[in-house]
Amino acid sequence: MKLSRRRFIAGTSGALLLAAGRLSDARGLLTDPLLSSVIDTALGTAKRAGATYADVRMVRRRAEQISTREDHVEGVGASDSYGFGVRVIADGAWGFAASPTVNTNEAARVAALAVAVAKANARALAAPVKLAPAPAVVDVWQTALTKDPFRIPLEEKAAFLIAINAEALKVPGVKFCSSSIQSLGEWKLLTTSEGSSIEQNITRIAPAYTVTAVDAKGGDSVTRTHELPARQAGWEYVEQSSFFADARRMGEDAVEKLKAASVEPGKRTIILAPSNLWLTIHESIGHSTELDRMLGYEANMAGTSFATVEQLGKLRYGASLLTFYADKTTPGGLATCGYDDDGVKTQRWDLISKGVLTHVQTTREQAAWIGETASRGTCYGEDYKAFPFQRMPNVSLASGERDLTVEDLIAATDDGIYITGDGSWSIDHQRYNFQFGGQMFYEVKKGKIARPLRDVAYQANSLEFWGSCDLLGGPRAWELHGALYDGKGEPGQVNAVSHGCPPGRFTANVVNSRKS
Amino acid sequence: MALDRTQSTKLLQEVLATAAKVAPGAQAKVGIVSAREANARFAKGGITSAGDVNETTLTVGLAFGKRHASSTTNQLDARSLRDVVVRTREMAKLAPEDPEYMPPLGAQKYASAGAAYDPAIEKLDATALADAAQSALRAAKDASVDLAGYLQHRTEAWGLADSAGLSAYHLETPVEFTATARTPDGTGSGWGGAWTNRWRELDAGATSTVAIDKALKSRKARALAPGRYTVVLEPAAVANLISFLAWSLDARRADEGRSFFAKAGGGTKLGERLFGEHITFRSDPGRPEMPFTPFDEEGLPILPTTWIDRGQVAALEYSRYWAAKQSKTPTGRPEGYELLGGTESSAKLVSGVKRGVLITRFWYLRWLDPMTMTVTGLTRDGVFLIEGGEVTGPVNNFRFNESPINLLKNADGLASQVRVGNKRVPALRSHEFNLASVSNAV
């Protein structure tokens, strides 16, 4: 059975398909006629050179960016990279090599080099790599979207952004407004020596703008950034949002923040909007439940984790109203896809159930490290030249059982600070001590917003912070936020990832970020 | 693989010729980065992954009047080159006019940066990396500690050309080795790092030993309360904080009133005395100890420049556009910076401290406030109490909230310079450093 063009666009899973037939028909984005022979050559060469496992990832990444400031375009750019990486296991060790030159001669050279690298490494191997079994799959997957952002004319995007700047600049006191739209395309074809052949096409969009209010006389300035997150989606996502409609309010917020009272530090009740809380989840839940980090494999760069494998099923991570789950199938999630870069079907599972650490993030290599028989499907390499390894899936906080909104949380608070948007963020290398800023800060008194504040950051220990949660928003208040450029590994790779959550109420040390 | 000068120039001229043909009347700027990078990671007693990759990025910039756009591709066949030029042309025609657009530079003269390249590096095969990693792992095994680390060498060529006659080429071979040692009981952690452009200068075993010694000495840290302390920062910690000073040098942000170098009431702090005479901050791509590209992304020569001269703000960074608008000379943005050192040894810095904290390096630094240059971050991999001029034992990690401006204002001792990535900085003694809260991390 051949895959029709229509099916490819729809992105639905097909029945088992023969790779050769599918390749000739389904690769809608690339037209290199040598694709199949390059893959066959690489896998064949690797096997003959002694590889016991091999995969070939052909990856094309596209990006288009338009940025403006005030009344003009600052930059218009596009980037396009394409190539293949060959990952092998030989003599029990990983080897990897990659090239942007896609032809059969280069495929043979790169595959042989990957095996040579593996054999050199085998001399310094602690234990042979063993992959958890995964069924061979032939399938395609694609982002659900209605308007391809790459097809929206640049003129339209530029006019849209400059109109936003103009709206914000109408507010007295606003001096600058910078805005941008990034459109990102990631096409990849993974073929493994075990028979998998998986083609995926992922589209992401990231709109952003920042307004600056300046008090020249006092030598002071503040910024206000819109809170619309990046999303796996098409242009319709921007159109359906309040991105444009909010421009005037963003300007007013900046001016209000410039004049706001500087916060008095101290232990405070804080109410965090989803636009702020997502980043705290990312840093203190997402990263600390990565298995490689927990075991010390990332010690030289990103660090390790306070959470250990021995604590699975035992560690009280937070209040019992908190359940965090990993999910690479969340609609619109930046890390959402059909299969990971090990060829494992993506899934959802709990990391922390009712406040207790239950599971971690794994790849095929890692599953056996903790006695599991199957991978959780979190392997990812950012482009053709990146060695795929464990990367964070979308990690989200389930909404509370009560149908509470952020207004309900404010109304229930006698004395606290309400924080929206993400600002400065920093956490230690074992994920204990964090400190986060925000975009807007409001003092809450007797159930009402009393006045704006500025220079607010909250600092806490991860376990104490999550343990202090005593109110959580319900399903209506749940929002999906996220980041395009989460960094990990050496050489550093980026990973786009989303985090959904409702608003929540916590206790933390509020610090003044200006009066250090 | 890295293109040699002839290959790079030929390719760029071909792209310019294509641009002249398919985009007549356009001003063109083209550049190519081509590299081979090989790396190895190790942890838990063995090499965990390694790679050997080729990469290429060709950038084409076209402008019709003040309408401009740029595109990149990594495919260098004739059809792809033509496609990227055509795509850029179409984007440039659609782009609104940019009043800040600057035309191509034309021919420039650059200082030599020959010290940046070591021909031995591109000849290395996977065994060279594996051998170096093994020497590190052996040192760790002998000391019964876990060592995680990363070793990378890169041979990279960067070529630029434009339709006004500019031609630039730079070849370099940066090598990086870092290692973090942790004691099996989880109470000690130490770090070491080395950067060079010469393979023979790399000693993975010796650098690992620094990390291992620190890990062993940092075991079972005692509790120390947050507060303002006299600190001795080792070079890695100084380099971490000084990055924010380098970022803040942008003249436009200062003129616009939104950075530390903005003066209340308008203007900039150029000429103001901020620090003592012993503080000088500069850039020089020709320093053999830390060579870097002698031109910026547009091909503007990066000249030796002193930004802070014996405590005084001597220069700010001007882009071509902002320099033209302000009637200044453009400086471009250098890749590397150095804080000049002093004559004291690190041990001498410590001996002058009655009670203070010795800090190996920082982690996860983020802006808190650009107007005061206040930054947050955390210590890691070796924090020690100094009492009576001697290191008396390990203490817990801290989060700091502090400005590099205060750090340099309060600095009263500088050791000799050490290269840390693209900075050359000394160990430094300063006072009243705000260690704001305790971190339980080890």
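Biologist: Which residue in E21(A) does Asn433(A) stand opposite?

Modeller: Please note that this is a predicted model. Asn433(A) stands opposite Asn461(A) in that strand.

Biologist: How many bridges does the pairing of E18 and E21(A) have, and in which sense do they run?

Modeller: The pairing is antiparallel and comprises 4 bridges, with strand E18 of chain A covering residues 433-436.

Biologist: What else does E21(A) pair with?

Modeller: Strand E25 of chain A, residues 504-512, is joined to E21(A) by 4 bridges, and the two run antiparallel. In that pairing, Ala457(A) stands opposite Val511(A) of E25(A).

Biologist: Are the residues of strand E21 of chain A buried or exposed?

Modeller: Of its 6 residues, 456-461, 6 are buried, so the strand is largely enclosed by the rest of the structure.

Biologist: Changing topic: what does the domain assignment give for chain B?

Modeller: The assignment gives domain 1 as 5-214 and domain 2 as 221-442. Their centres, taken over C-alpha atoms, are separated by 26 Å. To the contact, domain 1 of chain B contributes 28 residues and domain 2 of chain B contributes 22 residues.

Biologist: Which elements give two or more residues to the domain 1 side of that contact?

Modeller: They are strands E4 (146-162), E5 (167-172) and E7 (189-196) of chain B. E7(B) gives the most, with 5 residues. By residue class, this side of domain 1 of chain B has 13 nonpolar, 10 polar and 5 charged residues.

Biologist: And between the chains, how many residues are in contact?

Modeller: Contacts involve 68 residues of chain A and 78 residues of chain B. On the chain A side, strand E2 (residues 72-90) gives the most, with 11 residues. The chain A side divides into 33 nonpolar, 25 polar and 10 charged residues.

Note on methods: Residues numbered from 1 in each chain as written. Chains lettered and ligands numbered in written order. Predicted model: local features only at pLDDT ≥ 70, side-chain atom pairs only at ≥ 80, totals over all residues. Buried ≥ 20, exposed ≤ 12 C-beta atoms within 10 Å, placed from the backbone. Pairing = 2+ DSSP bridges. Domains from an automatic or database assignment. Contact = placed C-beta atoms within 7 Å. Nonpolar A, V, L, I, M, F, W, Y, C, P; charged D, E, K, R; others polar.
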